[in-house]
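Please look over the sequence and the structure shown here before reading on. The report that follows takes up a loop residue, a helix pair and a set of charged side chains.

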Amino acid sequence: MVDNVGAGASSDDGGVKLEQDRLLPIANVGRIMKQILPANAKISKEAKETMQECASEFISFVTGEASEKCRKERRKTVNGDDVCWAMGALGFDDYAGPLRRYLQRYREIEGDRANQEKPANANNTSIADQEKEAPPSSSSSYRNNQGIRM
């Protein structure tokens, strides 16, 4: 994998820049690696670079499969469901299930957060008063609009 770094780089900085853009930030990779190790453990630069390359390649692999699915369906946006599907399609079933549960929980939390951040009203009308005034069709929650089954 290290050979690809040299092959992709050219004599000008353009090739090196493209390679750097393709990889996850090495500081983030190192930070994640340190979280699992004992406090006094050291991580070599080579180990960080290897993990950086592997993690970046894995993300590209899964994203490419999700993107291909979207292309076939004539969609331009890859979403979390596409990534979960790609994980399963590529044989990462052990990860696809937990990822689906994480995505569902994330959407629930984001929906709750969006509902909490809605301003009450400029004239300080209570939420109960707003619900009385709102037409029945606008009472559906954010989660239901996202297609999450409850």
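Leaving aside its neighbours within four places in sequence, which residues is L90 in contact with?

## Basis of the model

This is a predicted model, in which local features need pLDDT of at least 70 and side-chain atom pairs count only at pLDDT 80 or more, whereas totals for chains, interfaces and linings use all residues. Residues are numbered from 1 along each chain as its sequence is written, and side-chain values use heavy atoms, with hydrogens and water left out.

## The loop residue L90

L90 is in contact (heavy atoms within 4.5 Å) with F61, V62 and E65, once its neighbours within four places in sequence are set aside. L90 is placed in the loop between α5 (80–89) and α6 (93–117), where helices are DSSP runs of H or I of at least four residues, numbered from the N terminus. E65 is 25 residues away from L90 along the chain, and their C-alpha atoms are separated by 8.0 Å.

With a relative accessibility of 23%, L90 counts as partly exposed; buried means under 20% relative accessible area, exposed over 50%, and partly exposed in between, using a 1.4 Å probe and protein chains only.

## Packing of α3 on α4

Helix α3 (residues 26–36) packs with helix α4 (residues 45–72) at an angle of about 105 degrees, their axes being 9 Å apart; axes are lines fitted to C-alpha atoms over the stretch in contact, and angles run from 0 to 180 degrees between N-to-C directions. The two helices α3 and α4 are therefore roughly perpendicular to each other, a term that covers 65 to 115 degrees. On the α3 side the contact is made by I26, V29, G30 and M33, and on the α4 side by A47, K48, E49, M51 and Q52.

## Salt bridges

Eleven salt bridges are found in a search of the whole structure, each being a side-chain nitrogen of Lys or Arg within 4 Å of a carboxyl oxygen of Asp or Glu. One of them joins the side chains of K69 and D82 (3.4 Å, N to O). Because K69 lies in helix α4 and D82 in helix α5, this pair ties together parts that are 13 residues apart in sequence, and both K69 and D82 are buried.

A further salt bridge links the side chains of E73 and R75 (2.9 Å, N to O); E73 is partly exposed, with a relative accessible area of 41%, and R75 is partly exposed at 28% relative accessibility.

Key:
Angles under 35 degrees count as roughly parallel, over 145 as roughly antiparallel, 65 to 115 as roughly perpendicular and the rest as oblique.
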